[in-house]
Every structure is written in structure tokens, then in C-alpha cells.
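This report describes how the parts of one protein chain are arranged. Please keep the sequence and the structure in view while reading.

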Amino acid sequence: MTTQRLEPGSLAPAFTLVDQDERSVTLKDLRGGRVILFFYPEAMTPGCTTEACDFRDSLAPLQAAGYTILGISRDEPEKLRRFRERDGLTYDLLSDPDHKVHDEYGVWGEKVNYGKTFMGVIRSTFVIDEQGRVAHALYNVRATGHVARVRNLLGV
């Protein structure tokens with residue numbers, strides 16, 4: 001379990017992951033632009049679908065403001081591809097099956113659901129600036145209404 005959390009101003013941990021089409025995506029390659037990176041527990045589940053579709057529906061104004069949207073989960077590329085196609089998601093979904101990047105961002109940890117404690121993904125979103133620094137670190141967010149909160153925070 002990781003207890004380290006990123007703070008605004010800290011350098012965003014570097015990563016290279018594969019997307020839904022098994023192409024490599026490297027955070028460093030996005031430097032010079034702004035990135036919204038959201039971690040979600042599992043593709044095609046109700047809460048994750050709500051959050052992913054909210055990002056899809058807000059994609060145009062976020063992109064117009066210079067943001068690249070990336071979703072990260074532990075799902076394999078095949079499942080991410082099905083999720084993207086099923087819900088018409090038009091941004092990349094990245095696969096981190098061993099939760100290494102989750103650990104680096106402090107989003108893999110202890111959770112409680114229906115009285116049971118287990119290790120899992122802490123739904124979180126990071127806004128990364130043009131220099132690769134964390135502008136906002138939002139941990140343990142709710143799926144519903146979260147994207148509206150992010151847009152409000154960014155003035156988009």
C-alpha cells in the first residue's frame with residue numbers, strides 16, 4: 001500500500017504505458033501541454049462509466065483549453081478497447097495491470113466497501129502543467145459530478 005500522496009508543485013511521476021490499441025504513451029512526450037490524468041477502478045462498471053462519459057462529454061472545451069485527457073486503470077488493453085468502443089470514448093485509456101503507476105501517484109491503497117477492507121484503486125485525478133508538475137491532485141473523488149468540479153477548478 002502506498003501512503004505517499006502527490007502535492008501541487010511536485011514533479012508528476014514519469015511513465016510509459018500502453019493504450020487500448022497497445023501503443024505506448026509516455027507522459028514526457030506530452031510536456032509542453034497540459035494533461036488531465038484520471039485513475040479509475042475498473043472499465044465498464046457503473047461509476048467508472050459515469051466518470052469516463054462525463055470526461056467524453058466535456059472533452060471539446062477541455063481540449064480547447066489545451067488539455068489532453070488520459071484515463072488509467074488496471075484493465076488490459078483489450079478490455080479498454082471494448083470500453084472505449086462501447087461508450088464512444090474519444091481519448092486514450094491506459095493499462096497499468098501491475099499498478100506500478102498507481103503506486104507512484106499514491107492511488108493504490110486500502111479501501112472499505114460494505115464493511116470489507118481490501119486493496120484497490122482510490123479514484124483520483126491529477127492536472128499536470130506544461131512543465132510536467134502537478135497543478136492539482138484530487139484524491140478519493142466521487143464519480144458523479146467530479147468532471148464538473150474539475151472544469152470549475154480549471155475555469156473551463
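A residue counts as exposed if its relative accessible area is over 50%, and as buried if that value is under 20%. The model discussed here is predicted.

Proline 8 illustrates the use of these limits. Its relative accessibility is 52%, so proline 8 counts as exposed. This residue belongs to the segment that precedes strand 1. Leaving aside residues up to four places away in sequence, proline 8 touches Val134 and Ala135. Its C-alpha atom is separated by 28 Å from that of phenylalanine 118, a residue 110 residues apart from it along the chain.

Seven strands make up an open sheet with mixed pairing, and their order is 2-1-5-4-3-8-9. Strand 2 (24-26) and strand 9 each have a single partner strand and stand at the edges, so one side of each is left without a neighbour in the sheet. On average, neighbouring strands are turned by 30 degrees against each other, direction ignored.

Strand 1 (residues 16-19) and strand 2 run antiparallel and are joined by three bridges. Valine 18 has serine 24 of strand 2 as its bridge partner, and leucine 17 is partnered by valine 25 in strand 2. The two strands form a hairpin, with four residues between them. In that turn, glutamate 22 has a positive phi of about 65 degrees. Strand 1 is also joined to strand 5 (residues 92-95), by two bridges, and this pair runs antiparallel. Here aspartate 19 stands opposite leucine 94 of strand 5.

**Helix 5**

Which residues of helix 5 (residues 146-154) are buried? They are His146, Val147, Val150 and Leu154. These residues cover an arc of only 100 degrees around the axis, which puts them on the same side of helix 5. The face of helix 5 turned away from the buried side carries the exposed residues Ala148 and Asn152.

The buried residues of helix 5 are covered by several elements, including strand 3 (34-39), helix 1 (46-57), helix 2 (59-64), strand 4 (67-73), strand 8 (124-128) and strand 9 (134-138). After helix 5 comes glycine 155, which has a positive phi near 70 degrees.

**The nonpolar cores**

The largest nonpolar core has 23 residues. Ile36, Tyr40, Phe55, Ile69 and Tyr91 are those with the most contacts inside it. At least two residues of this core come from each of strand 3, helix 1, helix 2, strand 4, helix 3 (77-87) and helix 5. Helix 1 gives the most, with four residues.

Phenylalanine 55 touches Ile36, Phe38, Leu62, Ile69, Tyr91, Thr125 and Val147, where residues up to four places away in sequence are not counted. There is also a second, separate core of 21 residues, and Leu6, Leu27, Phe39 and Tyr105 are among them.

**Aromatic pairs**

A pair of aromatic rings is described by the distance of the centres and the angle of the planes. The count of aromatic pairs in this model comes to nine. The table presents two of these pairs, both of which involve tyrosine 40.

| Pair | Centre to centre | Angle between planes | Type |
|---|---|---|---|
| Phenylalanine 38 and tyrosine 40 | 5.6 Å | 35 degrees | tilted |
| Tyrosine 40 and phenylalanine 83 | 6.1 Å | 50 degrees | tilted |

Why does the pair of tyrosine 40 and phenylalanine 83 tie together parts that are 43 residues apart in sequence? Tyrosine 40 lies in the loop between strand 3 and helix 1, whereas phenylalanine 83 lies in helix 3, so the pair links these parts.

Are the residues of these pairs buried or exposed? Phenylalanine 38 is buried. Tyrosine 40 counts as buried because its relative accessibility is 1%. Phenylalanine 83, with a relative accessible area of 1%, is buried as well.

Elsewhere, one aromatic cluster is formed by Phe15, Phe39, Tyr105, Phe126 and Tyr139.

Key. Residues numbered from 1 in each chain as written. Predicted model: local features only at pLDDT ≥ 70, side-chain atom pairs only at ≥ 80, totals over all residues. Heavy atoms only, no water. Buried < 20%, exposed > 50% of the residue type's maximum accessible area, 1.4 Å probe, protein only. Arc of directions from axis to C-beta. Contact = heavy atoms within 4.5 Å. Pairing = 2+ DSSP bridges. Axes fitted to C-alpha atoms, helices over the stretch in contact; angles between N-to-C directions. Core = buried A, V, L, I, M, F, W, Y, C linked by side-chain atoms within 4.5 Å. Phe/Tyr/Trp six-rings, centres within 6.5 Å; stacked < 30°, edge-to-face > 60°.
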